[in-house]
Amino acid sequence: MSELLLELFSEEIPARMQKRASEDLARLVADALKAAGVEAKAARAFATPRRLALVMEGLPEKTPDVKEERKGPKVGAPEQAIQGFLRAAGLASIDEATVQEDKKGAFYVAVSEKKGRPTAELLAEIVPEVVRAFPWPKSMRWGAGTLRWVRPLHSIVCLLGGKVVPFEIDGIASGDVTRGHRFMGPEEFAVKDFADYVAKLEAHKVILDPAERAKAIHEGARRLADEAGLKLVEDEGLLAEVAGLVEWPVPLIGRIDDEFMSVPQEVLTSTMRANQKYFALKEANGRLAPRFVVVANLVAGDGGRAIVNGNERVLRARFSDARFLWDQDRKHTLESRLPKLEEVVFHAKLGTVREKAERIARLARELAAVIPGVDPKKAELAGRLAKADLVSGMVFEFPELQGLMGSYYAKADGLGDEIADAIAEHYSPLGPSDDVPESALGKVVAFADKLDTLVGFWAIDEQPTGSKDPFALRRAALGIVRILLEGNFRVGLWGVFGDSMTAYTHGGFDWQGKGPRAANDLLAFFADRLKVYLRDRGARHDLVDAVFALNQLGQPQDDLVLIVMRVEALSDFLGSEDGKNLLAGYKRAVNILNIEEKKDKASYGGEPDPALFRQDEERTLFDRIEEARAEATHAIGREDFAAAMTALARLRAPVDAFFDKVTVNADEKDVRENRLRLLSLIRAALHEVADFSKVEG
């Protein structure tokens, strides 16, 4: 067994492409080998700014022998069919074929054997094909060649068992020679195998493994922070990106001029992260410290002083620009920016952001009226101003700060912390792991914003399809689900759908009679998002369906908090022995009803006549159903679903007794129909809490 070492050495590969590229290299080579009958025992791929590397262990010296059989025509088939088979199989005569038999008779089979060949020959074909067809997001050509690569490719190392696998790609011949760090180890050197390769790279100031580079960066940055009495602001995304920018990381600490510390710290950290790839540091009180960590790609003779000074100058210029934008933006109030929102299109069919702002304001005021502790006037103002910072200079430069800058400007305008916090929070939650807004006002404005978006896209039939969701509508709906449930807000979705639709109508949108359909579809969409939310917390999706199905039974279910209470009570009930047995009895009753109603082309949903009862089990079941139904209805009215389930659980014994002792399809027509109506009472009683036909099991 042999080891394959492959290195593709080039100019700098963008950091964002390195991880995927290394994975693609391993996958493409492994798949091509597997197609030829060769499987490696282990494969590892690595990336640095200037190279992709792959090591595969356990490769055989040659590919396995392959025996192939090609089935031909039946014995005695027409000559034309025989000749076609011979040509396709590469046989000189039919005598070279064997004869086999199956149930349909004898037929010809061409048996061919392909001897294995050296794995090195196979690799000499595979690697050039992989390189030429490599799936870079962006690639380029250079010089007079035809090869496309992310950046100009300089050399290729390809060794199998320590020997060079010879091939050429666009004039670049494979070999055993590579280079180290661009500045600290630029000379060429030969390698024998992967262990030799890693050791010599490190000797030439290159750390091959990106995980090791990231570890070195993190440990070095934390050490510098500790020495300065500060804490590193953890940032895994930035750490991975910087590890893709350097081959020999050397963290250094720099200083931020005190004059810039009055600029909002989020602006400073965004500038450092997005533009300069610097790590921020914070003081013990959590405030941003006037220091930063920059990662150099070499060991400087002066200890890095010149590098730090240069980066401090660059950062000073960046921060000067940011401070200018901050000062300029504060010369205008958020209210004064609203007219400029008319120049920003929300969606071609749904108008401008200014129109959206007015809809959010209207909807937030309506929501505040039903959510305790929220001032409708403040909700309206926060909703109207929530998007105003989109036309500020700071957000134009740093779009990721939208909302947050609005909160700073609101405080500068004297609008108070409550409105400022609501503006800052109204985009939340941005995903399943993001926090919902902390303040009640923030929850209301975020709810209004997301609901306006959902209703608008439903109005123009732009719902998500399959895996496509270009407007992040699933995320918006899940955000509302979380806001309502985590805030314990008792809001009827039907009502707020109507409020949002009315806001669109006031803005001039013509629903053309499709409002009810849109509302129904949107409620179903929320049901799906609620299932996702509850499933992630261990709840059964079928129980959510069972509760939402009450809408079709004439029992509107649009209060998500109440629905979850029902689902939890239903889950506890069905987890009990009584619940499981009662569900079985319900399904038996419904199956009989469905069969008999279909056969008779009639419905047996009316009340049974006690005078037609012939057995005690009928009377007992009837009495218990009436008692349980009344008790369950009363419990549901006070939203005590556990008590409702307890009441229904008492039906288990009389239902079991009924099916044990009573024959539903009695010979007497009126008795049979009366017993079917009694079964319909079982169905109706359980439908007080959920549609049990939707429950699996």
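Trainee: Where does Lys-277 lie?
Mentor: Lys-277 lies in the loop between helix 7 (265-276) and strand 15 (279-282). Keep in mind that this is a predicted model.
Trainee: What about the phi of Lys-277?
Mentor: The phi is positive, about 60 degrees. Lys-277 is not a glycine.
Trainee: Is Lys-277 buried or partly exposed?
Mentor: Lys-277 is partly exposed, because its relative accessible area is 23%.
Trainee: Now Ala-472. What is the phi there?
Mentor: About 55 degrees for Ala-472, so again a positive phi in a residue that is not a glycine.
Trainee: And which loop holds Ala-472?
Mentor: The loop between helix 15 and helix 16 (473-486). With a relative accessible area of 23%, Ala-472 is partly exposed.
Trainee: Switching to peptide bonds. Which residues does the cis bond join?
Mentor: Ser-428 and Pro-429. Omega is about -5 degrees.
Trainee: Where is Pro-429?
Mentor: In the loop that connects helix 14 with helix 15 (440-459). Ser-428, the other partner in the cis bond, turns up again among the contacts of Ala-446.
Trainee: OK, Ala-446 then. Which helix is that?
Mentor: Ala-446 sits in helix 15.
Trainee: Why does Ala-446 count as buried?
Mentor: Because its relative accessibility is 0%. The cut-off for buried is under 20%.
Trainee: What does Ala-446 contact, leaving aside neighbours within four places in sequence?
Mentor: Glu-425, His-426, Ser-428, Pro-437 and Ile-483.
Trainee: How far is Ala-446 from Ile-480?
Mentor: In space, 8.0 Å from C-alpha to C-alpha. In sequence, they are 34 residues apart.
Trainee: On to helix packing. What describes two packed helices?
Mentor: The angle between their axes and the distance between the axes.
Trainee: What are those for helix 15 and helix 17?
Mentor: The angle is about 70 degrees and the axes are 10 Å apart. Helix 17 covers residues 493-506. That angle makes helix 15 roughly perpendicular to helix 17.
Trainee: Which residues of helix 15 and helix 17 meet?
Mentor: From helix 15, Phe-447, Leu-451, Asp-452, Val-455 and Gly-456. From helix 17, Val-496, Phe-497, Ser-500, Met-501 and Tyr-504. By class, that contact has seven nonpolar, two polar and one charged residues.
Trainee: How does helix 10 pack on helix 17?
Mentor: At an angle of about 150 degrees, with the axes 9 Å apart. That makes helix 10 roughly antiparallel to helix 17. The crossing is right-handed.
Trainee: Which residues make the contact of helix 10 and helix 17?
Mentor: Helix 10 brings Arg-359, Arg-362, Leu-363, Glu-366 and Leu-367. Helix 17 brings Val-496, Asp-499, Ser-500, Thr-502, Ala-503, Tyr-504 and His-506. The classes are five nonpolar, three polar and four charged. Val-496, Ser-500 and Tyr-504 of helix 17 also meet helix 15.
Trainee: While we're on helix 10 (residues 353-368), is Lys-356 in there buried or exposed?
Mentor: Lys-356 is buried, with a relative accessible area of 3%.
Trainee: What does Lys-356 touch, not counting residues up to four places away?
Mentor: Phe-346, Lys-387, Asp-449, Asp-452 and Thr-453.
Trainee: Last topic: Ser-407. Which helix?
Mentor: Helix 13, residues 404-412. Ser-407 counts as buried at 7% relative accessibility.
Trainee: What does the Ser-407 side chain reach?
Mentor: The backbone oxygen of Leu-404, at 2.5 Å. Beyond four places in sequence, Ser-407 touches Ala-420, Ile-423 and Ala-424.
Trainee: How do helix 13 and helix 14 cross?
Mentor: At roughly 165 degrees, and their axes come within 7 Å. Helix 14 covers residues 417-425. The crossing angle makes helix 13 roughly antiparallel to helix 14. It is a right-handed crossing.
Trainee: Which residues make the contact of helix 13 and helix 14?
Mentor: On helix 13, Leu-404, Gly-406, Ser-407, Ala-410 and Lys-411. On helix 14, Asp-417, Ala-420, Asp-421, Ile-423 and Ala-424. The classes are five nonpolar, two polar and three charged.

How values were computed:
Residues numbered from 1 in each chain as written. Predicted model: local features only at pLDDT ≥ 70, side-chain atom pairs only at ≥ 80, totals over all residues. Heavy atoms only, no water. Helix = DSSP H or I, 4+ residues; strand = E, 2+ residues; numbered from the N terminus. Buried < 20%, exposed > 50% of the residue type's maximum accessible area, 1.4 Å probe, protein only. Polar contact = N/O pair within 3.5 Å; in protein donor to acceptor, adjacent residues only side chain to side chain. Contact = heavy atoms within 4.5 Å. Axes fitted to C-alpha atoms, helices over the stretch in contact; angles between N-to-C directions. Parallel < 35°, antiparallel > 145°, perpendicular 65-115°, else oblique. Left-handed = near helix turned anticlockwise from the far one by under 90°. Nonpolar A, V, L, I, M, F, W, Y, C, P; charged D, E, K, R; others polar.
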